[in-house]
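Open the model in your viewer and keep the selection panel at hand. The tour goes from stop to stop.

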Amino acid sequence: IIEGKTTQKDIYVNLPDLNNILKYEPISDNLQLAKDYCILASLTGMRFESLQIAYLEPIQRHKDFFYIHSKQNKTDTECYIPLMKPALDILKKYGNRFPKFPANHILNKDLKDLFELSGIDTIIDITHDTYNSKIIIEKKKIYEIISTHDFRKSFVTNLNNNNVDESIIMDITHPNKKPKHAMSAVYNKSTLLDKAIKFYNEVNRVNKLSSNDFYC
């Protein structure tokens, strides 16, 4: 295996598994924070770096929904992210703010424990590159490899699987990314709040067509 070569893992947490975690009753404060991180990250698409400082931001309200004004430090961007009911239920426990999460390496360990104790053992393929240009496929259970980074992918994949338009999802995950068509970038002057409203309305529209109520 080539040292320093990034291992590839095709991993996201699907909606049935997220609902199982939502129902799981943690047996420690660490597991509770891991559960809260899992749900909040899956509902907001925020990176660990953004969620770790989210407690500094007050929860704001539009006439139809609550949202957080998130600073994406990694990409030096910002966005308004609507907060669905499962997220709001979590925030109530922390005085209507985001909780303070532990360091990344601690949270990653707690997430692995959370998934194992929740009985989530989906098999995941891990791809390794080798010196002779061959590919090694290793199979591991999801609770062995889950990390904070995987929930942003869960946010995008689950919404996409539930027929939310990709451009609407991108307005939340990459709000400053230019549209494919240059002319659209010139004439489209939607504000961050405009994009948040569009996202909220679209998620609610597709949610009515789905039997899964995670995005309620």
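## Stop one: helix 2 and helix 4

Select helix 2 (residues 29-44) and helix 4 (residues 85-92): their axes come within 9 Å and cross at roughly 140°. Helix 2 is therefore oblique to helix 4. The boundary matters here, because an angle has to be over 145 degrees to count as roughly antiparallel. Keep in mind that this is a predicted model.

Now look at the handedness. Helix 2 makes a left-handed crossing with helix 4. Show side chains at the contact. Helix 2 brings Asp 36, Ile 39, Leu 40 and Leu 43. Facing them from helix 4 are Pro 86, Ala 87, Ile 90 and Leu 91. Colour this contact by class: seven residues are nonpolar, none is polar and one is charged.

## Stop two: Glu 57

Next, select Glu 57. This residue sits in the loop between helix 3 (48-52) and strand 2 (59-61). Which residues does Glu 57 contact, leaving aside its neighbours within four places in sequence? They are Ile 68, His 69, Lys 71 and Arg 97.

## Stop three: helix 7 and helix 8

Move on to helix 7 (residues 150-161) and helix 8 (residues 166-173). They pack at about 155°, and their axes are 10 Å apart. That angle is why helix 7 counts as roughly antiparallel to helix 8. Helix 7 and helix 8 cross in a right-handed sense.

Show the side chains again. From helix 7, pick Arg 152, Phe 155, Val 156, Leu 159 and Asn 160. From helix 8, pick Glu 166, Ile 169, Ile 172 and Thr 173. By class, the contact of helix 7 with helix 8 holds five nonpolar, two polar and two charged residues.

## Stop four: the cavity

Finish inside the protein. How many cavities of 30 Å³ or more are there? The count is one. The volume of the largest cavity is about 60 Å³. Ten residues line this cavity. Select the ones closest to its centre: Asn 162, Val 203, Val 206, Asn 207 and Tyr 215.

Then highlight helix 10 (residues 192-208), which gives the most to the lining of the largest cavity, with three residues. Last, colour the lining by class. Six of its residues are nonpolar, four are polar and none is charged.

Conventions:
Residues are numbered from 1 along each chain as its sequence is written. This is a predicted model: local features need pLDDT of at least 70, side-chain atom pairs count only at pLDDT 80 or more; totals for chains, interfaces and linings use all residues. Side-chain values use heavy atoms; hydrogens and water are left out. On a 1 Å grid over the protein atoms alone, a cavity is a set of points where a 1.4 Å probe fits but cannot get out, and a pocket is an open set with protein on both sides within 12 Å along at least five of seven lines; lining residues have an atom within 4 Å of a point. Grid points are joined across faces, edges and corners, and a volume is the space filled by probe spheres set on the points. Helices (H or I, at least four residues) and strands (E, at least two) are DSSP runs, numbered from the N terminus. Ala, Val, Leu, Ile, Met, Phe, Trp, Tyr, Cys and Pro count as nonpolar, Asp, Glu, Lys and Arg as charged, and the others, Gly among them, as polar. Axes are lines fitted to C-alpha atoms, for helices over the stretch in contact, and angles run from 0 to 180 degrees between N-to-C directions. Angles under 35 degrees count as roughly parallel, over 145 as roughly antiparallel, 65 to 115 as roughly perpendicular and the rest as oblique. A crossing is left-handed if the near helix is turned anticlockwise from the far one by less than a right angle, and right-handed if clockwise. Contact means heavy atoms within 4.5 Å.
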